Amino acid sequence: MGSGTYYLFGGSVRDDRVDEAGKPLKDSKAPDAFYWNAMLDAKARGYTLFDFWGIPRVLDEEKHSFGVFKMKLKFSEQRAWYPAYDLPLNAAAPAIVKALRWRKTQNNKRKRGSAEDVL
């Protein structure tokens, strides 16, 4: 949109591997190359902004969202706050969103041991 491109959603997996000495392995993952190439492609097409769209409001190293935050910091430490709003265009949307949030909460409890969302 305009002069920018936007990253909304991506996949990630917690990587708690360590080397023989017990030190965490370097955090270099295949998606980093994907994002870098997406930025190069956007630049070649004349875009001047690549927006990673969101970081956690509260940084907690124990949360999965902190890993997402660290990944985004690899590319830039510049942060800007832009408010975002949801506009339901269908009368059933609020009920559907509530059901999907409940499902996501259950998945987070099962997979992460916490009901908290990533971002």
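## The second largest pocket

Helix H1 gives the most to the lining of the second largest pocket, with 5 residues. The model is predicted. The pocket itself holds about 160 Å³ of space. Two elements give two or more residues to its lining: helix H1 (30-44) and strand E2 (49-51).

The lining residues are Trp-36, Met-39, Leu-40, Ala-42, Lys-43, Tyr-47, Thr-48, Leu-49 and Phe-50. Sorted by class, they comprise 7 nonpolar, 1 polar and 1 charged residues. Rolling a probe the size of a water molecule over the atoms shows where empty space is left.

## Overall layout

The chain has 3 helices and 2 strands. Read from the N terminus, the order is β-α-β-α-α. The chain has 119 residues, and 17% of them count as buried.

The accessible surface of the chain is about 10,200 Å². Carbon and sulfur atoms account for 56% of that surface.

## Aromatic pairs around Tyr-35

A pair of aromatic rings is described by the distance of the centres and the angle of the planes. The count in this model comes to 9 aromatic pairs. One of them joins Tyr-35 and Phe-52. Their ring centres are 5.8 Å apart, with 85° between the planes, and the pair is edge-to-face. Tyr-35 sits in helix H1, while Phe-52 is in the loop between E2 and helix H2 (64-73). The two residues are 17 apart, and the pair links distant parts of the chain. Both Tyr-35 and Phe-52 are buried.

Tyr-35 also pairs with Phe-75. Here the centres are 6.4 Å apart and the planes stand at 90°, so this pair too is edge-to-face. Phe-75 lies in the loop between H2 and helix H3 (93-112), and Tyr-35 in helix H1, so the pair ties together parts that are 40 residues apart in sequence. Tyr-35 counts as buried because its relative accessibility is 5%, under the 20% cut-off. Phe-75 has 24% relative accessibility and therefore counts as partly exposed.

Ring pairs also define a cluster. Its members are Tyr-7, Phe-34, Tyr-35, Phe-50, Phe-52 and Phe-75. Among them, Phe-50 is in the lining of the second largest pocket.

## Thr-5 in strand E1

Thr-5 is in strand E1 (residues 4-6). Its relative accessibility is 17%, so Thr-5 counts as buried. Set aside its neighbours within four places in sequence. Thr-5 is then in contact with Ala-42, Tyr-47, Leu-49, Phe-50 and Asp-51. Of these contact partners, Ala-42, Tyr-47, Leu-49 and Phe-50 also line the second largest pocket.

## Helix H2

How many of the 10 residues of H2 are buried? The number is 7, so H2 is largely enclosed by the rest of the structure. The buried residues of H2 are His-64, Ser-65, Phe-66, Val-68, Phe-69, Met-71 and Lys-72.

## Exposed loop positions

Pro-24 lies in the loop between E1 and H1. Is Pro-24 buried or exposed? Its relative accessible area is 66%, over the 50% cut-off, so Pro-24 is exposed. Not counting residues up to four places away in sequence, Pro-24 touches Arg-17 and Val-18.

Ala-84 is in the loop between H2 and H3. It has 58% relative accessibility and so counts as exposed. Ala-84 and Gly-54 are 30 residues apart in sequence. In space, their C-alpha to C-alpha distance is 10.0 Å.

Technical notes:
Residues are numbered from 1 along each chain as its sequence is written. This is a predicted model: local features need pLDDT of at least 70, side-chain atom pairs count only at pLDDT 80 or more; totals for chains, interfaces and linings use all residues. Side-chain values use heavy atoms; hydrogens and water are left out. On a 1 Å grid over the protein atoms alone, a cavity is a set of points where a 1.4 Å probe fits but cannot get out, and a pocket is an open set with protein on both sides within 12 Å along at least five of seven lines; lining residues have an atom within 4 Å of a point. Grid points are joined across faces, edges and corners, and a volume is the space filled by probe spheres set on the points. Helices (H or I, at least four residues) and strands (E, at least two) are DSSP runs, numbered from the N terminus. Ala, Val, Leu, Ile, Met, Phe, Trp, Tyr, Cys and Pro count as nonpolar, Asp, Glu, Lys and Arg as charged, and the others, Gly among them, as polar. Rings of Phe, Tyr and Trp (its six-membered ring) pair if their centres lie within 6.5 Å; planes under 30 degrees apart count as stacked, over 60 as edge-to-face and the rest as tilted. Buried means under 20% relative accessible area, exposed over 50%, partly exposed in between (1.4 Å probe, protein chains only). Accessible areas come from the Shrake-Rupley method with a 1.4 Å probe; for residues, only the protein chains shown count as cover. Contact means heavy atoms within 4.5 Å.
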